[in-house]
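Please keep the sequence and the model in view while reading the numbered points.

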Amino acid sequence: MDKRGTVTAKSYEFHLEGVHATDVSLAVLRDLADLLLEGASRAARLAMEGRSLARGSQPAWLASAAEVRLVALREGSLALDCMAAPLQGLPEGLMPGATALDLFLQAAEDATNGNGDSERLDAGILQTLLKARSLFTRGVTRLRLAGSRLAVEVTAPTLEIFQRLASELPQPQVERCVGTLDSLTLSNRSCLVRLAGESPLRGHLASSIDLDEARALLGAEVLVEGTAFFRPSGRPHHMDVDYLAAAGPHDEVWRRSPRATDLRPRISSTEEPLSFSSFVGQWPGDETDEEIFAALRALS
């Protein structure tokens, strides 16, 4: 932001080795634009809401927040200069003045380093990063994504790292846990549940959950049930919460962090779009006591 309070856009360079600016397939430009726009959009949503994908339509603010503008195309190996505006209202702890592209570059850096425990990597981000494969089938030998603070290079070996992380991403599963309701954001129906000895679990409350009733439970011990999503490391990333209530003494058995048990790959080596139809599992409450204690023994 300049002295007049005007938001100043930031500059980026995207360099593709192996193709030439004077003779480049439009498919290359299309695939690059798809990678950058989808990556920026999903990274921005992940930062603001805690997840890059969700059921239903995208929030209205996302299209403008993730806008990227082409300002120059230079000869030689294909190089594009782009601009993006800083995001407004970013949560604390993120890079001040970050754009959606900055957030995507940070996620790409974590993936390039094989950081399977990164909060910046979820299924949507990894699926987007794997889209870079299409560029390498069209003659690109190296892709460099550079901003003012960070540059990331993607090569064929880098794509193998992305694929490995994707193959390690556990399937989502229905979970139940007990913790302290630490915070509640009404605007996007998100919450933080503090688990004993664990990092806080970010949750997203279903429309069926009354926000006034949830607000009354702030600072109290709660039982949450829903679909848990995981990082490639197997640690929980976030939960889509379908049930939230005050915890009772009989709920003590659920005082634990969600743990991945279905380790089948979430994202295959194909480029099929992510589907919520694969989210299956037995709903908590339908199981018998014997099944509950057998599952707890398996998790311990």
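1. Strand 2 and strand 3 (residues 77-84) are paired in the antiparallel sense over 5 bridges. Two strands are said to pair if DSSP finds at least two bridges between them. Helices (H or I, at least four residues) and strands (E, at least two) are DSSP runs, numbered from the N terminus. Within this pair, Ala72 is placed opposite Asp81 of strand 3.

2. The model is predicted: local features need pLDDT of at least 70 and side-chain atom pairs count only at pLDDT 80 or more, while totals for chains, interfaces and linings use all residues. Residues are numbered from 1 along each chain as its sequence is written, and side-chain values use heavy atoms, with hydrogens and water left out.

3. Strands 2 and 3 form a hairpin with 2 residues between them, and Gly76 in the turn has a positive phi of about 95°. Is strand 2 (residues 69-74) largely buried or in the open? Of its 6 residues, the number buried is 0, so strand 2 lies largely in the open. Here, buried means under 20% relative accessible area, exposed over 50%, and partly exposed in between (1.4 Å probe, protein chains only).

4. Ser52 belongs to the loop between helix 1 and helix 2 (62-65). Ser52 counts as buried because its relative accessibility is 3%. Its side chain is joined to that of Asp122 by a polar contact of 2.8 Å. A polar contact is a pair of N or O atoms within 3.5 Å; within protein, one must be able to donate a hydrogen and the other to accept it, and residues adjacent in sequence count only if both atoms are side-chain atoms. Not counting residues up to four places away in sequence, Ser52 touches Arg42, Arg45, Leu46, Asp122, Gly124 and Ile125, where contact means heavy atoms within 4.5 Å.

5. The largest nonpolar core has 53 residues, of which Leu16, Leu101, Leu121, Leu129, Leu135 and Leu143 touch the most other members. Such a core is a set of buried Ala, Val, Leu, Ile, Met, Phe, Trp, Tyr and Cys residues joined through side-chain atoms within 4.5 Å. Helix 1 (residues 26-49) supplies the largest share of this core, 9 residues. A second, separate core of 19 residues includes Cys191, Leu217, Ala228 and Val241.

6. Elsewhere, 5 strands close into a barrel in the order 6-7-8-10-9, with mixed pairing. Strand 6 (residues 173-185) pairs with strand 9 (residues 221-230) in the antiparallel sense over 8 bridges. Thr180 has Glu221, in strand 9, as its bridge partner.
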